[in-house]
Amino acid sequence: MMNGRGKSDRSVVPQKPPNKASASAAEAVEGRGLAKGNSPECNAFRTQSRGEAPSALERVREAARKDRQQRFTALLHHVYDVSRLYGAYLALKREAAPGVDGETWQHYGEDLEANLRDLAARLKRGAYRAKPVRRTYIAKTDGRQRPLGVPTLEDKIVQRAVVEVLNAIYETDFLGFSYGFRPAKSAHLALDALTVGVMTKKVNWVLDADIRSFFDTLDHGWLVKFVAHRVADQRIVRLLQKWLAAGVLEEGKRTQSEVGTVQGGSISPLLANLYLHYVFDLWVHRWRRTQARGDVVVVRYADDFVVGFQHRHDAERFLGELRERFAKFALALHPEKTRLVEFGRFAAPNRRTRGAGKPQTFNFLGFTHCCAKTRKGGFTVLRQTMRQRLQAKLAEVKVELRRRMHLPIPEQGVYLRAVVGGHVRYYGVPSNGPSIGIFRRQVGWLWWRSLKRRGQSHHLPWRRMEQYLHRWLPPAHICHPQPLVRLGVITQGKSRMR
């Protein structure tokens, strides 16, 4: 339909007239108005082929895919769309800890429509202000504390909306060997890509690298320059700068810095991927095509990456140039956690010839990777649960069982079922059956020990305990396919390491 100025009225959806229409059928052709709160982009006109026209973000994605040099000048209206903010709100964890303002998911939702419309209005007129994040700490496997930040609820909502919009652009740019915190990517795909790369390429050396305090040293100036390669909408850039400059509130004291981004916010993973895309991914992609003499395999998950080489001199030259590259962008490799490991199908015979012992191992995404043989004598990569991760999780379960000691057995069983089930779903990869079996047995033994201590005269025979374990603890089974099988289905012959 056309309005008085000759322009299409997007608030009305045209309808097909009924067959055998009478003179009074004009009323049937009138379209229905948009449902309250619905996004205009979801009600696009139909094309002549009766297929749905692409949504607004799909058009952005298509434009980014066609022209890798295009800079987008108008993006903020996608962010303050109420339906997108509503979707971001629903995607948040209901029981997540509140930020510095104390606002919870449940309380915000009591008047959700009014709150989201007010938030959208503030975003539109530039009155939105980012609040500092609340500092909290979680224990690491090495005994240290990892600092995390808890943003306010509204900051989380806006960050999720911005991530959705920017993903439409950057997912067309990011390379295939980047797996961390991306749609349709996962840690297990990264693990499978690494395993397949080592088994099918000529890999003899592996660089196991770690960036020192990456999230604490990320340079704001460089980050803004990287964003400007694709985003010319200064309102989006200012939003990112507001979150970077919001600072951290700890023990009533607010601190701000010109470097670093707080882990815990919805925007942090995207900023990390964006920063390393320009600093690492594009550089290493060009390096292995122009500098390497042999095969090079690359897999990156957020700030954790592994690079496999056919020749040692390639690996050593790459490591030296990588240090120089990182120094240019205010990053540094951890000297104690970065090492070159002889690894691959020829590592065992080569080391045996030199009398150097068994091939070395390396850790990646919670798994220790080892050189091993199949039953037929062929080479394979054995992935086992890292000992530190296993011990740390058992220690956590022991402390939690002590806290829950006097709760009813069904309540304890529900907790342990979630713990064991989550462990099995992540670590249940082929060849890791013994490790997940050990974890399940150790959890069962800790539970039995806890139940026996509930009273001085309490006696619990192991025969009855076995019934509890069978009732509450999931079996330790392999729940992931072989790497070659899964990647073969997903890639259909295309490389996941390019």
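A nonpolar core is a set of buried Ala, Val, Leu, Ile, Met, Phe, Trp, Tyr and Cys residues joined through side-chain atoms within 4.5 Å. In this predicted model, the largest such core has 79 residues, and the members that touch the most others are Ile-157, Phe-280 and Phe-318. Setting aside residues up to four places away in sequence, Phe-280 touches Val-298, Arg-300, Phe-305, Val-307, Phe-318, Leu-322 and Phe-326. Another core, of 28 residues, lies apart from the largest one, and its members include Leu-191, Val-196, Val-203 and Phe-343.

The axes of helix 2 (residues 56-66) and helix 7 (residues 153-170) come within 7 Å and cross at roughly 30 degrees. Angles under 35 degrees count as roughly parallel, so helix 2 is roughly parallel to helix 7. On the helix 2 side, the contact is made by Leu-57, Val-60, Arg-61 and Ala-64, while helix 7 brings Glu-164, Val-165, Ala-168 and Ile-169. Sorted by class, that gives six nonpolar residues, two charged ones and no polar ones.

Then there is a pair of strands. Strand 10 (residues 367-373) and strand 11 run antiparallel and are joined by seven bridges. One of the bridge partners in strand 11 is Thr-385, which pairs with Phe-367. The hairpin that these strands form has five residues between them, and there Gly-377 takes a positive phi near 90 degrees. As for strand 11 itself (residues 379-385), five of its seven residues are buried, so the strand is largely enclosed by the rest of the structure.

Methods
Residues numbered from 1 in each chain as written. Predicted model: local features only at pLDDT ≥ 70, side-chain atom pairs only at ≥ 80, totals over all residues. Heavy atoms only, no water. Buried < 20%, exposed > 50% of the residue type's maximum accessible area, 1.4 Å probe, protein only. Helix = DSSP H or I, 4+ residues; strand = E, 2+ residues; numbered from the N terminus. Pairing = 2+ DSSP bridges. Axes fitted to C-alpha atoms, helices over the stretch in contact; angles between N-to-C directions. Parallel < 35°, antiparallel > 145°, perpendicular 65-115°, else oblique. Contact = heavy atoms within 4.5 Å. Nonpolar A, V, L, I, M, F, W, Y, C, P; charged D, E, K, R; others polar.
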